[in-house]
Amino acid sequence: MSTPVKKVPIHLQSSQNRLVIKHGKIVNEDGISEDDVYIEDGIIKQIGKNLIIPGGTRTIDARGKYLLPGGIDPHTHFEFEFMGAKSVDDFYQGTKAAVAGGTTMIIDFAFPKPGESILDCFYNYRQRADDKVCCDYALHMCLPHWSDQVKREMEILCKEHGVNSFKMFMAYSFMLNDSELYSAFEQCQKLGAVAQVHAENGSIIAKNVEKILAKGIVGPEGHELSRPEEVEAEAVNRACVIANQVDCPLYVVHVMSKLAAETLALARSRGTHVYGEALVASLAKDGNHCKHQCFDYSAGHVLSPPLRSDPTTPLALMNFLAQDVLQLVASDNCTFNKAQKELGKANFTKIPNGVNGVEDRMSVLWEKGVHAGIIDPQRFVALTSTNAAKIFNLYPRKGYIGVGSDADIVIWNPNATRTISEKTHHHAVDFNIFEGMTCHGVPEFVIVNGRVIVDEGQIRAVQGFGKFIETPVFPPFVYDPSKLESLKPQRNGTDEQAIQNIREIEKIQFEEKAIPSVTLPESVVNTPSGKAPRPEGQRNIQDSTFSISEELDTERKSCIRVRNPPGGKSSGFW
């Protein structure tokens with residue numbers, strides 16, 4: 001059965017849709033340049049100075065602003081039926097929210113219903129999404145069980161339908177055991193697909209739940225108690241060990257704790273080919289919000305793996321992203337409203353797991369990363385788009401501003417601010433986990449396939465304008481042997497010393513953030529001033545001198561280059 005092809009309405013195919021963006025600073029993961037960009041027919045046609053363009057072309061003046069590749073959110077759950085509820089953001093509302101925040105492509109997880117084959121699941125998700133999406137999308141396929149049929153249909157999805165990633169669960173009732181994980185990873189490696197895992201030890205969680213409920217703990221605070229950090233870290237280690245046995249590249253979704261990130265770091269230092277994804281929620285919130293007296297508020301923060309009560313966790317995860325221990329930031333957008341969350345009012349195990357994030361992902365990361373002085377704009381681009389494009393074989397069509405690339409561009413004002421609120425967001429849900437947070441960094445224009453969808457902050461989403469994008473197998477960045485070599489450790493000490501360096505940096509930054517008198521000027525990004533001892537050759541992110549005001553100084557040289565290889569700079573962490 002061939003994949004259905006959606007026809008784009010004639011009025012959206014107009015060759016007259018021409019646009020030139022002038023005076024902005026183009027930010028790719030490997031450098032910043034001052035050039036104009038000319039777009040026609042949804043493709044970037046020219047980049048440079050003094051471009052010759054047709055008459056009647058719309059001009060946008062981006063002076064004092066950045067031009068970023070449109071964000072790619074590699075982890076969403078739209079119209080997802082889970083725990084007796086269905087996520088309220090459908091493919092229209094969800095992608096509309098995505099575009100409003102600067103994300104121009106999402107990769108959703110297709111999850112089979114009981115008794116449904118993964119092939120039928122794929123067709124059903126295509127039917128749900130194709131006529132609703134406001135931006136381009138792709139699909140990961142979930143494997144809730146293992147069988148010979150699943151193995152055969154994985155091959156069909158890879159060869160005929162443009163799916164190159166499969167997600168396995170190590171928790172919930174549909175978790176795979178170690179032998180099944182081994183077989184699934186082995187098939188992924190054979191097909192040239194990316195294996196993904198939800199890493200938690202489901203057997204331990206089940207026993208912990210029994211114990212906690214027996215003690216009479218039924219509220220949302222019981223959720224984290226049942227899934228402590230070591231339960232996540234153990235599963236990360238086990239998944240890495242199994243993947244390494246069959247030489248299968250591994251992608252660990254939503255790394256939520258310091259211990260899990262440290263475990264992943266140690267696996268990478270041993271040569272395991274593994275990538276780690278952080279969630280934007282984990283960079284701005286901690287698990288203490290699940291202990292609030294208001295059930296709606298605390299239940300609104302329940303997801304799995306859970307937010308951690310250790311208040312230093314968000315900053316530590318941000319540092320792991322800066323050091324390239326973690327490579328991507330996703331939303332895991334899976335929204336359930338208050339009425340749905342109340343299904344678990346008498347038993348925390350029945351609270352539908354999930355939070356919002358697809359709209360606020362880029363602004364929150366800019367606030368916690370760039371504005372805080374921990375990462376620079378190039379690393380921001382890597383974390384929000386380029387690394388996802390490379391891992392899932394979309395680069396340089398996506399995740400890059402270059403001639404021939406899709407015209408998915410965000411014109412980003414780093415000095416503007418917005419305050420996040422459920423009253424103004426574009427989700428269908430009646431709760432926002434980032435409620436009241438003020439972020440520096442606003443997408444003033446968002447261009448999707450050459451069309452201006454967000455125009456000076458006003459969204460004009462077009463239902464069905466997006467299209468399904470195939471993700472070919474054997475992504476060169478993931479399967480190229482030269483990239484495998486780059487993941488091997490370049491050590492300046494033991495693995496324990498490397499992790500201790502991260503902890504020292506995190507400790508200094510957290511202590512400085514706790515001092516009320518320390519504030520950051522709105523127009524300048526300065527890093528915290530503390531210095532941590534480090535071995536020779538070890539990168540210290542405290543030494544950054546990055547400044548937004550300097551970066552946007554139009555008198556400076558027209559092109560600034562940095563030495564970031566594909567996939568993000570190797571920081572000398574090992």
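A residue is called buried when its relative accessible area is under 20%, exposed when it is over 50%, and partly exposed in between (1.4 Å probe, protein chains only). The model here is a predicted one, in which local features need pLDDT of at least 70 and side-chain atom pairs count only at pLDDT 80 or more, while totals for chains, interfaces and linings use all residues. Residues are numbered from 1 along each chain as its sequence is written, and side-chain values use heavy atoms, with hydrogens and water left out.

Lys-167 sits in strand β13 (residues 165–169); strands (E, at least two residues) and helices (H or I, at least four) are DSSP runs, numbered from the N terminus. What does Lys-167 touch, once its neighbours within four places in sequence are left aside? Taking contact as heavy atoms within 4.5 Å, the list is His-75, His-77, Phe-109, Met-141, Cys-142, Leu-143, Gln-196, His-198 and Val-253. An unreviewed UniProt entry places the feature "modified residue: N6-carboxylysine" at Lys-167. Such annotations may be inferred rather than shown by experiment; their positions follow the numbering used here, and feature names are shortened.

Next comes a sheet. Four strands build an open sheet in the order β5-β4-β1-β6, with mixed pairing. The edges belong to β5 (43–48) and β6 (58–61), each of which pairs on one side only. On average, neighbouring strands of this sheet are turned by 20 degrees against each other, direction ignored. Two strands pair if DSSP finds at least two bridges between them; β4 (residues 36–40) and β5 have five, and they pair in the antiparallel sense. Within this pairing, Glu-40 stands opposite Ile-43 in β5.

On to the helices. Two packed helices are described by the angle between their axes and the distance between the axes. Axes are lines fitted to C-alpha atoms, for helices over the stretch in contact, and angles run from 0 to 180 degrees between N-to-C directions. Helix α2 (residues 118–129) packs on helix α3 (residues 148–160) at an angle of about 40 degrees, with axes 9 Å apart. The two are therefore oblique to each other (under 35 degrees counts as roughly parallel, over 145 as roughly antiparallel, 65 to 115 as roughly perpendicular, and the rest as oblique). Here Ile-118, Leu-119 and Phe-122 of α2 meet Val-150, Glu-153, Met-154, Ile-156 and Leu-157 of α3.

For α4 (residues 178–191) and α7 (residues 229–245), the axes come within 9 Å and cross at roughly 45 degrees, so this pair is oblique too. On the α4 side, Asp-178, Leu-181, Tyr-182 and Phe-185 meet Arg-238, Ala-239, Ile-242, Ala-243 and Gln-245 of α7.

A few backbone details turn up in loops. Asp-247, in the loop between α7 and β15 (250–252), has a positive phi of about 55 degrees although it is not a glycine. At 48% relative accessibility, Asp-247 counts as partly exposed. His-254 also has a positive phi, near 30 degrees, and lies in the loop between β15 and α8 (258–269). Is His-254 buried or exposed? His-254 is buried, with a relative accessible area of 2%.

One joins Ser-304 and Pro-305, with omega about -10 degrees, and Pro-305 belongs to the loop between α10 (295–299) and α11 (313–322). Another runs from Tyr-395 to Pro-396, with omega near 5 degrees; Pro-396 is in the loop between α14 (377–391) and β18 (409–419).
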